[in-house]
Amino acid sequence: MKSEKSKASVEHTRAHMLILEARFYGDICDELCRGAIAHIEMAGATWERLAVPGALEIPGAIAIAHETGLYHGYVALGCVLRGETTHYDVVANESSRGIMDLTLEGLCIGNGILTCENDDQAWARARVDEMDKGGGAAEAALTMIRYSRLMSRKAAGLDVKAGS
C-alpha cells in the first residue's frame with residue numbers, strides 16, 4: 001500500500017507537544033525526531049524535545065510531564081534492537097505497555113519507539129523519506145488530541161458534526 005503526503009490537507013491543531021526520546025541510538029533518534037518535528041510544525045503546533053536514558057523511562061517521564069499540565073500530547077521516540085538476551089523483549093514489551101496504560105488514562109500519545117531486529121530495519125522505519133515512523137507517531141498524537149477535543153465538545157452538548 002502506497003501513501004502520499006500533502007501539506008495542503010494537514011489539519012491545523014493548536015497544541016503544545018512534548019517529544020520524549022530515548023537516546024540510546026542517537027542517530028536513529030535524530031531521524032525519528034526530524035519526522036516528528038516536521039509533522040508537528042506542519043499542523044501548526046509547538047513542541048519541546050527532552051531526552052531520557054532509555055525506552056523504559058519514557059512512560060514514567062510522560063506521566064511526570066503530564067502532571068505539569070504544560071502539554072496537550074506526547075511523542076515517544078526511541079529504538080530497541082534485538083540482542084543476544086531476552087532484555088529486548090522486556091524493554092519492547094514494558095515500554096509499550098507503559099505507554100498504552102497512559103493512553104487508557106486519556107493521555108494523547110504517539111508511540112514511535114521502534115522495535116527491530118537490526119540496524120537496517122530501524123533505519124528503514126526511521127528515515128523521513130521511507131517509513132517516517134517519527135512523523136507517524138506525531139500524527140497519531142495530534143489525531144488523539146483532536147479526538148479528545150471533539151469528545152469534550154460532544155460531552156458539553158455542543159453541536160458537533162461528524163468529521164469536524
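Tutor: Let us start with contact, which means heavy atoms within 4.5 Å. Leaving aside neighbours within four places in sequence, Glu31 is in contact with Trp123, Ala126, Arg127 and Val128. Before we go further, note that this is a predicted model, in which local features need pLDDT of at least 70 and side-chain atom pairs count only at pLDDT 80 or more, while totals for chains, interfaces and linings use all residues. Residues are numbered from 1 along each chain as its sequence is written, and side-chain values use heavy atoms, with hydrogens and water left out.

Student: What is the mean pLDDT of the protein chain?

Tutor: The term pLDDT stands for the predictor's confidence in each residue, from 0 to 100. Here the chain has a mean of 92, and 91% of its residues reach 70 or more. Over residues 1-8, however, the pLDDT is below 50, and this stretch has 4 contacts in the model beyond near neighbours in sequence. Where pLDDT is low, the predicted coordinates should not be read in detail.

Student: Is Glu31 buried or exposed, and in which helix is Glu31 found?

Tutor: A residue is called buried under 20% relative accessible area, exposed over 50%, and partly exposed in between, using a 1.4 Å probe and protein chains only. Glu31 counts as buried because its relative accessibility is 13%. As for its place, helices (H or I, at least four residues) and strands (E, at least two) are DSSP runs, numbered from the N terminus. Glu31 is found in helix H1, which covers residues 26-42.

Student: Which backbone nitrogen lies 2.9 Å from a polar atom of the side chain of Glu31?

Tutor: That nitrogen belongs to Val128. To read such a pair you need the polar contact, a pair of N or O atoms within 3.5 Å; within protein, one must be able to donate a hydrogen and the other to accept it, and residues adjacent in sequence count only if both atoms are side-chain atoms. A further example lies at the start of H4, where a side-chain oxygen of Asn118 reaches to within 3.1 Å of the backbone nitrogen of Asp120.

Student: Which residues of helix H4 are buried, and what covers them?

Tutor: In helix H4 (residues 119-126) the buried residues are Ala122, Ala124 and Ala126. Their cover includes H1, strand E3 (73-81) and strand E4 (109-116).

Student: How many salt bridges does the structure hold, and with which residue does Arg34 form one?

Tutor: A salt bridge is a side-chain nitrogen of Lys or Arg within 4 Å of a carboxyl oxygen of Asp or Glu. The structure holds 12 of them. Arg34 forms one with Glu31, and the closest N and O atoms of this pair are 2.8 Å apart. Both residues lie in helix H1, 3 residues apart, which is about one turn of the helix. Arg34 counts as partly exposed, because its relative accessibility is 48%.

Student: Which residues are linked with Glu21 in a network of salt bridges?

Tutor: The network links Glu21 with Arg23, Asp30 and Arg49. Between Glu21 and Arg23 the closest N and O atoms are 2.8 Å apart, and between Glu21 and Arg49 they are 2.4 Å apart. Since Glu21 lies in strand E1 and Arg49 in strand E2 (residues 46-52), the latter pair ties together parts that are 28 residues apart in sequence. Glu21 is buried, with a relative accessible area of 3%, whereas Arg23 is partly exposed at 31% relative accessibility and Arg49 is partly exposed with a relative accessible area of 33%.

Student: With which side chains does the side chain of His16 make polar contacts?

Tutor: His16, in strand E1 (residues 16-22), makes a polar contact of 2.5 Å with the side chain of Thr46 and another of 2.7 Å with the side chain of Glu48. At 19% relative accessibility, His16 counts as buried. Not counting residues up to four places away in sequence, His16 touches several others, including Trp47, Leu70 and Tyr71.

Student: Where does Arg97 lie, and what joins the side chains of Arg97 and Glu94?

Tutor: Arg97 lies in helix H3 (residues 87-104), and a polar contact of 2.8 Å joins its side chain to that of Glu94. Arg97 counts as partly exposed, at 44% relative accessibility. The C-alpha atoms of Arg97 and Pro59 are separated by 8.7 Å, although the two residues are 38 residues apart along the chain.
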